[in-house]
Amino acid sequence: MRMRSVLSLLVLLCGVQSKVLMANGSDLAVPAQRIIALSPHSVELLFLLGVGDRIVATTEYADYPEQAKAIPRIGSHSSIQIERVLELDPDLIVVWESGNPAQDVQRMIDLGLNVHMSRTKVLLDIAGELETLGALVGKKEQGEALAKEFRQRFLGLSETYQNKAPVSFFYQLWQQPLRTIAAGSWINTVFKHCGGANIFDDASTDYPQVSIETVLIKAPQVIVVPSHHGADIGTDMWQAWPEIPAVKNEHILFFEGDLLHRFSYRVLDGMEQVCTAFDRIRNS
Amino acid sequence: MNSSVYAVSSASAKGVGRLLLFIALALVSMVFAISFGAAAISFQDVWSVLSPFSTQDIEPLKERIILELRAPRAVLAFLAGAGLSLAGAVLQTVTRNPLSDPYLFGISSGASFGAVLVIAAAGSFSIWGVNIGITAGAFVGSALSVLLVVSMVGNGAQIERMLLAGVAVSFMFGAATSLVLYLSDPLAASSLLFWTLGSFTRASWPNLILPALIIVACLVIFLAYSRSLRAVLAGDENARALGVSVGRLRMGMLLLSSLLTATLVANCGGIGFVGLMIPHIVRRLLAQKQENIFIYTALLGGVFMVWVDVLARTLSDNAELPIGVITAAIGSVFFLLVLYKKDSRKGYQ
């Protein structure tokens, strides 16, 4: 008796599985209508493509544009509520390779859900992501147009500023412990193309922890402080060290962290701010 | 008659010599430790800044790095090592349990939880305000854990109840800290984790005053009570026969240890194993009866921590390693070695 019920359960499960897989096979023909976007940047890109209203669930910190704040949350960087995912019956799930837990992503793939993996690693990947997402949601032309615009704006800024006299900078990613970005970090690209020279370019990890004394010795012209989810992180400690040119000349620059830390289209706005601010300091 | 007087004075001369040796070791260690770091600063540079006799000129930036970044850090490391070792030594004495240390009694985890909660709630870091908040949080947390342990123990201050209550409280606050870490965003969580594992990066001269005062005060009290403490070591009955009020002494020492620990956790996060290991080493080096065993414990603990901090700063190019990880790594290997040696000796007997 028990054996039989176990068997029927198995059959039932297989049936469910194959049904999902079949539904999967035809997903590209029909544009996605019920989207779960599991990163703040994919939410931004989907809104840009004009399909923000199709997002049925998202993750913590997806706060742009304003309407995004109303979307239900079903996960964070540490976990995704798979049961809620199934309940919402999405036809497209946009996951972020480096921002969602790999186990949860794998489980969603195993469950036969239609998962698109966003693998953005460098700045220009954002253009590619716009094209891919555009195709998936039936907005191929908009996606391609936006991607083209993104590349043009990026290259335009880069051509104007990259080869100007380098401005040395320290990027204060976090304060306790003091953490920065190095050459391998994609955030660094923004600054490189604005003609900035990272004082920790040679570090062997992408987000190294550093000591105040190294910053003192390397004497940057600018200290860049991104906000963190809208809140400023402290910079009081620098005031004690006028030996640093950035402190002496009051070149501690504050930027909105969400503009610089997200693979969204708005990163170009952040880049524009950085380029013009650096140029002002360069010419001062 | 003459010869016995001579023997006493030579023993005390030997004691003074040994004490001076330990103090010299501590001073030399700190000066050496100050010459290690990210910026290229030599031992001579450090010497010329610290020594009143040196006339050599040194770059002002280097001088400031030495005086305002490295020196307070070395002193904080020394204080932390000294204070935690003292707390461990006293707890081991009053409980007659070689495994007692501030961790076992939940003092450290209570303090860590309080501090972590403040850091997580503050979100952003404006150094001064948050520093005071963290200290207060650590104190409240440790006071809460001590209160819980004490309320479980009752009047008798029985050792077993004390230890069991301590373990339970320790797990409770440990779980609460993990929850706060889990719920924080990744960058904040990594900085909280770094902090709970112990670090001396926040060292500054004003921050050192409170820990220094409390450690010196506790050391004086421990020395004043060392006779009673030695009596307790020989058994509760024994101590009572000598007129020691055991319950009160035990409770008082527990409170002092938690004050010591909370002050240090508030300044440098959670650092384990030091309170456990250093008293063991000192007991091996010196006879248990030694009057000023607490002084040696504090000095050796301080020296140990100064070198641990040097390792933390120099082992990896890209990151400072958490202090607690290094002390635990050294401490656990040390204990395994001690056990192994004891075991093999038994085998030979």
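Biologist: How many helices and strands does the secondary structure of chain A come to?

Modeller: This is a predicted model, and what follows is computed from its atoms. Of the 284 residues in chain A, 41% are buried, and among its contacts with a separation of 6 or more, 59% are accounted for by residues 24 or more positions apart. The secondary structure of chain A comes to 11 helices and 8 strands.

Biologist: How many helices and strands does the secondary structure of chain B come to?

Modeller: Buried residues make up 44% of the 349 residues in chain B, and 75% of the contacts between residues at least 6 apart in sequence join residues at least 24 apart. Read along the sequence, the pattern of chain B is α-α-α-α-α-α-α-α-α-α-α-α-α-α. The secondary structure of chain B accordingly stands at 14 helices and 0 strands.

Biologist: Which residues have the most contacts inside the largest nonpolar core?

Modeller: In soluble globular proteins, nonpolar side chains tend to be buried together. Here the largest nonpolar core has 166 residues, and H3(B) gives the most to this core, with 19 residues. The residues with the most contacts inside the core are Leu46(A) and Leu86(B).

Biologist: Which residues does Leu86(B) touch, not counting those up to four places away in sequence?

Modeller: Leu86(B) is one of the residues through which H3(B) makes its contact with H11(B), and Leu260(B), one of the residues on the H11(B) side of that contact, is also among those that Leu86(B) touches. Leaving aside residues up to four places away in sequence, the list for Leu86(B) is Ile215(B), Cys218(B), Leu219(B), Phe222(B), Leu260(B), Phe294(B), Thr297(B) and Ala298(B).

Biologist: Are H3(B) and H11(B) roughly parallel or antiparallel to each other?

Modeller: The axes of helix H3 (residues 60-95) of chain B and helix H11 (residues 246-268) of chain B come within 9 Å and cross at roughly 155 degrees, and the crossing is left-handed. By class, their contact has 13 nonpolar, 4 polar and 1 charged residues. Because angles over 145 degrees count as roughly antiparallel, H3(B) and H11(B) are roughly antiparallel.

Biologist: How many of the 9 residues of helix H2 (residues 40-48) of chain A are buried?

Modeller: The buried residues of H2(A) include His41(A), Glu44(A) and Leu46(A), and what covers them includes strands E1 (35-37), E2 (55-57), E3 (92-96) and E4 (115-118), together with H5 and H6 of chain A. The helix is largely enclosed by the rest of the structure, because the number of its residues that are buried is 9 of the 9.

Biologist: What is the phi of Ala219(A)?

Modeller: Ala219(A) has its place in the loop between helix H8 (212-218) and strand E7 (222-226) of chain A, and is partly exposed, with 17 other C-beta atoms within 10 Å. Its phi is a positive value in a residue other than glycine, near 40 degrees.

Biologist: Where is the residue Pro65(A) found?

Modeller: The peptide bond from Tyr64(A) to Pro65(A) is cis, with omega near -10 degrees. Pro65(A) itself is found in the loop between E2 and helix H3 (82-88) of chain A.

Technical notes. Residues are numbered from 1 along each chain as its sequence is written. Chains are lettered from A and ligands numbered from 1 in the order in which they are written. This is a predicted model: local features need pLDDT of at least 70, side-chain atom pairs count only at pLDDT 80 or more; totals for chains, interfaces and linings use all residues. Axes are lines fitted to C-alpha atoms, for helices over the stretch in contact, and angles run from 0 to 180 degrees between N-to-C directions. Helices (H or I, at least four residues) and strands (E, at least two) are DSSP runs, numbered from the N terminus. Angles under 35 degrees count as roughly parallel, over 145 as roughly antiparallel, 65 to 115 as roughly perpendicular and the rest as oblique. A crossing is left-handed if the near helix is turned anticlockwise from the far one by less than a right angle, and right-handed if clockwise. Two residues are in contact if their C-beta atoms, placed from the backbone, lie within 7 Å. Ala, Val, Leu, Ile, Met, Phe, Trp, Tyr, Cys and Pro count as nonpolar, Asp, Glu, Lys and Arg as charged, and the others, Gly among them, as polar. A residue is buried if 20 or more other C-beta atoms lie within 10 Å of its own, exposed if 12 or fewer, and partly exposed in between; C-beta atoms are placed from the backbone. A nonpolar core is a set of buried Ala, Val, Leu, Ile, Met, Phe, Trp, Tyr and Cys residues joined through C-beta atoms within 7 Å.
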